Every structure is written in C-alpha cells, then in structure tokens.
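Subject: Handover of a structure and the findings on it

Dear colleague,

Please find below the structure that I am handing over to you. I would ask you to keep it open while you read the notes that come after it.

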Amino acid sequence: MAVPAQDARRERTRGRRTAGAVLAALLLAPACSAPGNTATGITAQEVDAALDRRAAALLEHDTDAYLAALDPRATAFRAAQRTELGNLADVPLESWVYRVESVRGKGADRVTAEVELRYRIKGYDKAPMSSARTVELVRRGDARTWYIAADRAADDGPGQLWQQGDVDVVRGTHSLVLGVGRPEKELRRIAATADRAVPAVTGAWPEPWAERVVVLVPETVDDMAGLLGSPAASYRGIAAVTTGAVGGDGRAPADRVIVNPQAYGTLGDFGQRVVLTHETTHVATRAHTSAATPVWLSEGFADRAAYLGESRTAQEIAPELAEAVRGGDLPAGLPTDEDFGFGEDAEKLSRAYESGWLACELIARDWGEEALIAFYKAVGSRSGRDGAVEHAMQSVLGTTPQDFTARWREYLRDRLG
C-alpha cells in the first residue's frame, strides 16, 4: 500500500504493518483427533458426523438438510443460519470441512467442541482457509440425535464475510472480489485493479505462485475490523491488509486481501494500484516469508514490486525519509520490527517503510534482481530470526550487516540528499 501522496502513503504503510500483525495472529496449529467425552459418551466421530451433515448440505445449498442438522429448539440460531446460508449462495466453494480438536461436556445432553473450519474457494485456493470455531451440540428426541445449537468464532476471533450480509461476487481475470453492501461498480473497479496487480507481481517475483488473488470488501471499517478480530480504531486509516499464515515450508495456506472501502476510496487510481499490487506481493511471497523475515524486508520488497512499473522519483516515493536525510537526520541503521508498530507516529512509520523499500532497491542495484529474490528466499528459509539475515547476506550477497548498513546509508545520501 505504498503511495507517495502524503495521506495515501500513510494509509499504505499502516496497512502493511497491520498485515504483519494479522499474519502472526492467524497462525493456526494443526488439527488433531479428539477423544470421546467420558461424561456424555459422545465421541469425536459423532461430533464429526453432525458437522459433516451440515457441511454437505451447505455445499449443496440444501436449506432443508442444512437446517435439519441444527437444534430444532434454537429458533434464533436457526434463523441466523438460514440467512448465512443464503449469504453464501454465490460464493464458489470447492470444499467445506470441519476438524474436531476437542470435546468437553456440559451435562449428559450438551457438549462444546473446539473445531477448525477449513474451506476452499474453487479456482483460487490451492490450500484451505482456516477458522477456529466453538460449536455447541445438544442431544434431542427419542433417537438421541445430536444437533448443532451454536457456532461462533473461538476466543472472540475473526468473523466471516458472509456473517455480515449477502456476498456479491465479481470475477476478474486473475481475481475474485467478494463484497458485502458495496456497489457492484466499485467491486468491478477493484477487480480490474487486482487483475493489473497480479502480472505486475509476477514480473517482480518470478518464483511459482498461484497468480490469482481473493479480495474481500466489507461494507465499513467496523466490518473490516470484525474480519480481523481487532478494534476498528486500528484500521480507520488503512486502505487494505493481507491476512494469512506465514510459510517458509512452501505450504502457506490461503491469503485474503481485505479492503477498507472508506480509506481505499479516498485514493486515486495510482494509489489504489500501488495498494493492491503491494498486498498481492504479500500473497505471492507468503510461502517464502517466515518468522525469520524482518519486516523491513517483507514490506520493502512489497513496496518495490508495487513501484516497479511506476514513474516516480525516490523523493516522491520517500518524502519523509528524504526530508530527514536533507536535514542531516540520516538513520543509523535499518528499521526494526518495532519501528513498524501501531504506536509509532505517521512520519516515523513512513520513514520505516521508505527505508525498507530503499534497502531492497540497493540490493537490486548492486547485486541484481536475481540476488534480491535469492536473498529474500534465503532469509525466509530459516525457522527463526537469529542469524537469518546475517547468514543470507554472507551466502547470497557476500557481505555483512555492518557493511550493508554502511552502504545503505551512503545510498540514502545519494538518492535522497
């Protein structure tokens, strides 16, 4: 979301910083089989059976079968579930699977199960999107059948788009845009911008990736915050964020780009293009981004990909940093992860992103485009931060962090002074 215009650029930087936080928050543990509950006698297999009936009905859009899996006495829940099923009608789902992780009893006829919902969108998700859910089941009738009585996000986690309203679907050449409460014309513009972003990202990141992107457009910033499980105040100035779990093993799960329609709508064509290209870069590089990857590298690379096809000077792209350098306030070192934090002021945050962009620019200039890609992958191949950057700089660039920092500071003088 790096945009040279002053207000748009701040939206861009905050969005990418938030994306990093969301990435960490959404990292999910593998699902495992749960044992039976001794207090009720229900087993994980019986819970699975109830959830499987519901999943099959959902995929077939069979309203009667879907409602048949729900507690007949839970009137409000059944009404809400009927609405959600209708909201999903146009979403091209390929799969919808529940995996039971644990079951605990609340008496002989009621249990609570912690489950993981995994679903894929047909033609777009190579891996499933995951959501941790808490599901309550009750036993009713002479047949003692178990029914679903409640289903909510686990631990007050993120909600789902279809819980916010009827989902409108716009298919682009390389994109799928899912919106709630937004004009179709707006969704089509976003799809067109995303379609332009995908080949631009492929040009900057030649490693294999899906070359398609799913974009969610909720109605308001409050709805955006609901999809991220965070307070709305954190996102009011953010144009877009990318969610997903970091990879490093080549098996990263599905990503979603989530647009804040209010902030995104204030940007011009250039700003919107840069925002979606930047976020799409995160989707492309996710499998090679790990806990070892410093924020300056992931965000700097995404900025570089977003600006490659644009004719802007360094002073236009990095005005805050340029002003600091001209004023004699040359950074002593590369920005830390903390410099990208929520608590930083807008100018300092902008300088952090601009610094990361120019660090990646320097690598591409002095070592080449292929070396920049190799460096990114080498860092991300490590499981932890300790020594990852140092090792990659030595093995790929033939330098040390100290020498690189000195060269980077001189580069800042040359391009911004």
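The notes below go from the whole chain to its sheets, its helices and a few single residues.

**The chain as a whole**

Please bear in mind that this is a predicted model. The chain has 417 residues, and 54% of them are buried. Its secondary structure comes to 15 helices and nine strands. Taking the contacts between residues at least 6 apart in sequence, 67% join residues at least 24 apart.

Strands of a sheet pair through backbone hydrogen bonds, and they do so either parallel or antiparallel. Both kinds of pairing will come up in these notes.

**The five-stranded sheet**

A further open sheet has five strands, and their order is β5-β6-β7-β9-β8. The pairing in this sheet is mixed. Which strands stand at its edges? They are β5 (168-171) and β8, and each has a single partner strand, so one side of each lacks a neighbour in the sheet. Direction ignored, neighbouring strands of this sheet are turned by 20° against each other on average.

Strands β7 (residues 213-217) and β9 (residues 256-259) give an example of parallel pairing, which extends over two bridges. In this pair, Leu216 has Ile258 in β9 as its bridge partner. Helix α8 lies across β7, β8 and β9, and runs at about 10° to β8.

**Two helix pairs that share α9**

Helix α8 (residues 269-285) also packs with α9, their axes being 8 Å apart at an angle of about 130°. The two helices are therefore oblique to each other, and their crossing is right-handed. On the α8 side, the residues in contact include Phe270, Val274 and His278; on the α9 side, they include Phe301, Ala302 and Tyr307. By class, this contact has seven nonpolar, six polar and two charged residues.

Helix α9 (residues 295-307) also meets α13 (residues 369-380). The axes of α9 and α13 come within 11 Å and cross at roughly 145°, and this crossing is left-handed. From α9, the contact involves Trp296, Leu297, Ser298, Phe301 and Arg304. From α13, it involves Glu369, Leu372, Ile373, Phe375, Tyr376 and Val379. The contact of α9 with α13 has eight nonpolar, one polar and two charged residues.

Leaving aside residues up to four places away in sequence, Tyr66 touches Arg54, Ala57, Leu58, Gln81 and Leu85. Tyr66 and Leu85 are 19 residues apart along the chain, and their C-alpha atoms are separated by 8.4 Å.

Pro231 is found in the loop between α6 (221-228) and β8 (240-243). This residue is exposed, with a relative accessible area of 55%. The C-alpha atoms of Pro231 and Val221 are separated by 9.8 Å, the two residues being 10 apart along the chain.

His61 is not a glycine, although it has a positive phi of about 55°. His61 lies in the loop between α2 and α3 and, at 38% relative accessibility, is partly exposed. Glu211 also has a positive phi of about 55° without being a glycine. Glu211 is placed in the loop between α5 (184-204) and β7, and it counts as partly exposed at 37% relative accessibility.

With kind regards

Terms used:
Residues are numbered from 1 along each chain as its sequence is written. This is a predicted model: local features need pLDDT of at least 70, side-chain atom pairs count only at pLDDT 80 or more; totals for chains, interfaces and linings use all residues. Side-chain values use heavy atoms; hydrogens and water are left out. Axes are lines fitted to C-alpha atoms, for helices over the stretch in contact, and angles run from 0 to 180 degrees between N-to-C directions. Helices (H or I, at least four residues) and strands (E, at least two) are DSSP runs, numbered from the N terminus. A crossing is left-handed if the near helix is turned anticlockwise from the far one by less than a right angle, and right-handed if clockwise. Contact means heavy atoms within 4.5 Å. Ala, Val, Leu, Ile, Met, Phe, Trp, Tyr, Cys and Pro count as nonpolar, Asp, Glu, Lys and Arg as charged, and the others, Gly among them, as polar. Buried means under 20% relative accessible area, exposed over 50%, partly exposed in between (1.4 Å probe, protein chains only). Angles under 35 degrees count as roughly parallel, over 145 as roughly antiparallel, 65 to 115 as roughly perpendicular and the rest as oblique. Two strands pair if DSSP finds at least two bridges between them.
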